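Open the model in your viewer and keep the sequence panel beside it. This tour moves from one selection to the next.

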Amino acid sequence: RGLSWGYSLGFANRLHSSSRGVPWMNMGIANAIQFAIFPDLKRRSRQRSTVIRQIKNAGSLLGLMDATKLEQDRWPISGELVQFLVNVDANAFGQMFRDVKLGVRTEEALQQNFASTKAELAARFGKSLGLNGIQP
């Protein structure tokens, strides 16, 4: 699992440009790829439960989308958010990732590819987890 995580991050960091991209997207991609390569339903279920608890307690995504560096306890939230976006529209997520890597601001790329603001995305993601009124 560790190698898949590391290779995913390296790939995300070098794809399309040498720009580092957005931390929550990079970590979320690595997390989602790890579960795709090494399916572990128990671990995945525990991660999802932990993420729901964190978001419910905070009432928000803990500033995830504006963070320039992510603490390890936020990596699972990134993974769940990326998986949510991929499930909504994998092509749009891929284009959003490309846009951000090529210099488009994250908020603009989110609007262009998902017709959503950060606040709307947080609310939709929260609702997918059974939580209402979630803020970014």
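Are Phe84 and Phe125 buried or exposed? Select both: Phe84 is buried, and Phe125 is buried too. Keep in mind that this is a predicted model.

**The whole chain**

Zoom out and colour by secondary structure. Along the sequence the pattern reads α-α-α-α-α-α. The chain has 136 residues, and 45% of them are buried. Now look at the contacts with a separation of 6 or more: residues 24 or more positions apart account for 63% of them.

**The aromatic pair**

The structure holds 1 aromatic pair. Its ring centres, those of Phe84 and Phe125, are 5.5 Å apart, and the planes meet at 55°, so the pair counts as tilted.

**Leu81 and its surroundings**

Next, select Leu81, which is also in helix H4. Its relative accessibility is 0%, so Leu81 counts as buried. Show what surrounds this side chain. Beyond the neighbours within four places in sequence, Leu81 is in contact with Trp24, Leu61, Leu64, Met65, Leu121 and Phe125. Draw a C-alpha to C-alpha distance from Leu81 to Phe125: the two are 6.9 Å apart in space, yet 44 residues apart in sequence.

**Along helix H4**

Which residue marks the bend in H4? Select Asp89: H4 bends there by about 125°. Then check the ends of the helix. A straight helix of 27 residues would span 39 Å, but H4 spans only 20 Å between its end C-alpha atoms. Step just past H4 to Gly103, where phi is positive, at about 110°.

Now switch to charged side chains. Those of opposite charge can pair when their charged atoms come close. How many salt bridges does the structure hold? There are 5.

Start with Arg44. Arg44 forms a salt bridge with Glu80, and the closest N and O atoms are 3.4 Å apart. This pair links distant parts of the chain: Arg44 is in helix H3 (residues 41-58) and Glu80 is in helix H4 (residues 75-101), 36 residues apart. Glu80 has 2% relative accessibility, so this residue counts as buried. The charged end of Arg44 sits over the ring of Phe35, 5.5 Å from the ring centre.

**The salt-bridge network**

For the last stop, select Asp66, Arg105, Glu107 and Lys118. Salt bridges link these four in a network. Take Lys118 and Asp66 first: their side chains meet in a salt bridge at 2.5 Å, N to O. The pair links distant parts of the chain, with Lys118 in helix H6 (residues 118-128) and Asp66 in the loop between H3 and H4, 52 residues apart.

Then turn to Glu107. Its side chain meets that of Lys118 in a salt bridge too, at 3.4 Å, N to O. Glu107 lies in helix H5 (residues 106-114) and Lys118 in helix H6, so this pair ties together parts 11 residues apart in sequence. Is Glu107 buried or partly exposed? With 29% relative accessibility, Glu107 counts as partly exposed. Glu80, by contrast, counts as buried at 2%.

Technical notes
Residues are numbered from 1 along each chain as its sequence is written. This is a predicted model: local features need pLDDT of at least 70, side-chain atom pairs count only at pLDDT 80 or more; totals for chains, interfaces and linings use all residues. Side-chain values use heavy atoms; hydrogens and water are left out. Helices (H or I, at least four residues) and strands (E, at least two) are DSSP runs, numbered from the N terminus. Buried means under 20% relative accessible area, exposed over 50%, partly exposed in between (1.4 Å probe, protein chains only). Rings of Phe, Tyr and Trp (its six-membered ring) pair if their centres lie within 6.5 Å; planes under 30 degrees apart count as stacked, over 60 as edge-to-face and the rest as tilted. A charge sits over a ring if NZ of Lys or CZ of Arg is within 6 Å of the ring centre and within 35 degrees of the ring normal. The expected span of a helix is 1.5 Å times one less than its number of residues. The bend at a residue is the angle between axes fitted to the seven residues ending there and the seven starting there. Contact means heavy atoms within 4.5 Å.
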